[in-house]
Amino acid sequence: MIRAIVVDDEKPVREAFVNMIRDYFSQIQILAVCENVKDAVEAAFNLRPDLVFLDVEMPPQTGFDFLEQAKGIPFEVIFTTSHNKYAIQAIKFSAIDYLLKPFGIEDLQQALERYEQKANRQSTPAQFEMLLKQIKGIKEPPKSIAVPTLNGLTFIKVEDIVRCESDNNYTFFHLSGKNKILVSRSLKEYDEMLEEFNFFRVHTRHLINLGRVRNYTRGEGGIVTMDDGSEVDVARRRKEEFLSKITAR
């Protein structure tokens, strides 16, 4: 049984969400339903939930204010949010899950499956700290990223990522110093996350940091040599776009 708190300032949203849980997700026990940060913090301290479904925007406060005030309580968070580019970016970089409103039964089912697959079903203080720092400087590019590994979480600097390589549903992160980390998420997720931070997917299996390209050798698609000495094939269909990006630096 997952002991949960639902936090959202909109009554119709709260009611629809609670009804969805009660009708389709018997594994969730709803401990409290809160409409503001103050009530949510009080419920978290008193009830010690396993999981908090947390709305991002709750004027005059936000879900991030809740996290600041609920420090020290161990729980997992799944944010529920309307499209907010910068908030979602910060949430992703902190390896915290979210549901984009409006969401349905299948979306919630997938989020719960991700929750249940985690080795440690509690967001760490370091994740929350990273998230809150990014929110406070929300329009600045994130300096670090939290990546889920088989043993937990690893925090790495974005600038240290040389390239990412797909391995089915996993991704190898190749870092400066020729270090390598196996991450338990697909390359597609990191392609979407890192694209605007000077990363480019040159091949189905390879996402590279354009700032760490040392050399390009022409060919049908060509070959990129990274500054760690590794070589990566460029897919023929990505060649023109890659060359336009690399020459525009």
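**A walk through one predicted protein chain**

Is Asp191 buried or exposed? Asp191 is buried, with a relative accessible area of 18%. The cut-offs here are under 20% relative accessible area for buried and over 50% for exposed, with partly exposed in between, using a 1.4 Å probe and protein chains only. Which residues does Asp191 touch, once we set aside its neighbours within four places in sequence? Asp191 is in contact with Arg201 and Leu207, where contact means heavy atoms within 4.5 Å.

Before we go on, a word on what we are looking at. This is a predicted model, with pLDDT of at least 70 needed for local features and 80 or more for side-chain atom pairs, while totals for chains, interfaces and linings use all residues. Residues are numbered from 1 along each chain as its sequence is written, and side-chain values use heavy atoms, with hydrogens and water left out.

How confident is the predictor? Its confidence in each residue is called pLDDT and goes from 0 to 100. The protein chain averages 89, and 94% of the residues score at least 70.

Now the whole chain. There are eight helices and 17 strands in it. Its C-alpha atoms fill a box of roughly 60 × 35 × 30 Å along the principal axes. Of its 249 residues, 49% count as buried. The accessible surface comes to about 12,900 Å², and carbon and sulfur atoms own 46% of that; these areas come from the Shrake-Rupley method with a 1.4 Å probe, and for residues only the protein chains shown count as cover. Looking at contacts with a separation of 6 or more, 56% are between residues 24 or more positions apart.

Let's zoom in on strand β6, residues 76–81. How many of its six residues are buried? Six of the six are. Glu76, Ile78 and Thr80 point one way, Val77, Phe79 and Thr81 point the other way, and all are buried. Strand β6 has partners, too: it pairs with β3, residues 51–55, in the parallel sense over five bridges. For two strands to pair, DSSP must find at least two bridges between them. Phe53 stands opposite Ile78 in β6. Four bridges join β6 to β7, again running parallel, and here Thr80 stands opposite Leu99 in β7.

There is also an open sheet of five strands, in the order β12-β11-β10-β14-β13, with antiparallel pairing. Which strands sit at the edges? They are β12 (179–183) and β13, each pairing on one side only. Inside this sheet, β10 (residues 161–167) and β11 (residues 170–175) are joined by six bridges and run antiparallel. Ser166 stands opposite Thr171 in β11.

Next, helix α8, residues 239–247. Its buried residues are Lys239, Phe242, Leu243 and Ile246. Seen down the axis of α8, they fall within an arc of 95 degrees, so they line one face of the helix; the arc is taken from the directions from the helix axis to the C-beta atoms. Why can that happen in a helix? An α-helix has 3.6 residues a turn, so residues three or four places apart point the same way. What covers the buried residues of α8 includes β13 (199–203), β14 (206–209), β15 (213–217) and β16 (223–226).

Most residues other than glycine have a negative phi, and most peptide bonds are trans. Here, the bond from Pro59 to Pro60 is cis, with omega near 10 degrees, and Pro60 is in the loop between β4 and β5. The bond from Lys101 to Pro102 is cis as well, with omega near -5 degrees; Pro102 lies in the loop between β7 and α5. Lys178, not a glycine, has a positive phi of about 60 degrees. Lys178 is in the loop between β11 and β12 and is exposed, with a relative accessible area of 66%. Asn198 also has a positive phi, near 70 degrees. Asn198 sits in the loop between α7 and β13 and is partly exposed at 36%.

Technical notes:
Helix = DSSP H or I, 4+ residues; strand = E, 2+ residues; numbered from the N terminus. pLDDT = per-residue confidence, 0-100.
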